[in-house]
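Here are a few exercises on reading a beta sheet. Keep the sequence and the model open beside you as you work through them.

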Amino acid sequence: MQKWKTKNGYIIFQVLSGRSNSYLISSDKINILVDTGKKLSCKLLQKNIDSLNLKRTITSLILTHTHYDHCQNTFTIKEHEKCEIVMSEKEARYAEQGFTTLPKGTFPISQLISRLGNKIGAKSFGYKPFTPDILVNEEFDFKPNNMNIKIISTSGHSKGSISIIVDNEIAIVGDAMIGVYKNSIFPPFADDKEEMIISWGKLLKTGCNIFLPGHGKEISRELLQKEYTLYSQKLNIHSVEYYPKP
Ligand SMILES: [Zn+2]
């Protein structure tokens, strides 16, 4: 199982890979799960978590956003682990209804997939509704047991997309970018492309060196910087929200 370690000794395990990634942030005190994958992966996710023989329980589950392929096991995990669910307030109403509209396509083929998918709707792309416990907005200092973890809004792929900044070193970014292609991180789906590129700028300003996406492999700072320069010119984006705020 792939893992990353930060200067304060937090370990990030990749507890689910393949179609969708899930990560577990682990310290000597607590464990935090990020995303839950698709329903079909539920047993595998549980098995991979069990294989870590964690000394502590999972206290929190953070959802980078509420598309079905990231949150279909949320209800089950909450029942099993009795953990709190942390997510953006902008997607709370979706969680309660058990369906989040699929994002727009950024290429002609993904535009078609998105339209067809939204016609099918909750039947294939829904999830068991759940109630979030902590709702975050633009920025949230999430300091469970004094851990150095921040959550920032990185909207664009969806309205309520958030990223988790671990120890100012590693960012878990959901679908704000994609790690499937070698030289591009531009995702095939995004509700607001411009907003997403602005979020890339925010992520660069956190100083993180590694970006862990919801699909594919880790993304380097160099590649994010290159893509940010390319797309901010392409889409004519000049203003980047300053982070951290003065
Ligand atoms: Zn998504």
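In this predicted model, two strands count as paired if DSSP finds at least two bridges between them.

**Exercise 1.** Work out the strand order of the open sheet and find its edge strands.

*Solution.* Start with the order: the seven strands of this open sheet follow S1-S2-S3-S4-S5-S6-S7, and their pairing is mixed. Next, look for strands that pair on one side only: these are S1 (3-5) and S7 (134-136), the edge strands. From one strand to the next, the twist averages 20 degrees.

**Exercise 2.** Follow the pairing from S2 through S3 to S4, and say how each pair runs.

*Solution.* Begin with S2 and S3, which are antiparallel and share five bridges; here Leu16 has Ser22 as its bridge partner. Five residues lie between these strands in their hairpin, where Gly18 has a positive phi near 95 degrees. Then move on to S3 and S4: they are also antiparallel, joined by four bridges, and Ile25 is partnered with Ile32. This second hairpin has four residues between its strands.

**Exercise 3.** Decide whether the two faces of S3 are covered or open.

*Solution.* Recall the cut-off: a buried residue has 20 or more other C-beta atoms within 10 Å of its own. On one side Ser22, Leu24 and Ser26 are buried, and on the other Tyr23 and Ile25 are too, so both faces are covered. With five of its five residues buried, S3 is therefore largely enclosed by the rest of the structure.

**Exercise 4.** Which strands does helix H3 lie across?

*Solution.* Locate H3 at residues 74-81; the helix lies across S4, S5 and S6 (84-88), and runs at about 165 degrees to S5.

Technical notes:
Residues are numbered from 1 along each chain as its sequence is written. This is a predicted model: local features need pLDDT of at least 70, side-chain atom pairs count only at pLDDT 80 or more; totals for chains, interfaces and linings use all residues. Axes are lines fitted to C-alpha atoms, for helices over the stretch in contact, and angles run from 0 to 180 degrees between N-to-C directions. Two residues are in contact if their C-beta atoms, placed from the backbone, lie within 7 Å. A residue is buried if 20 or more other C-beta atoms lie within 10 Å of its own, exposed if 12 or fewer, and partly exposed in between; C-beta atoms are placed from the backbone.
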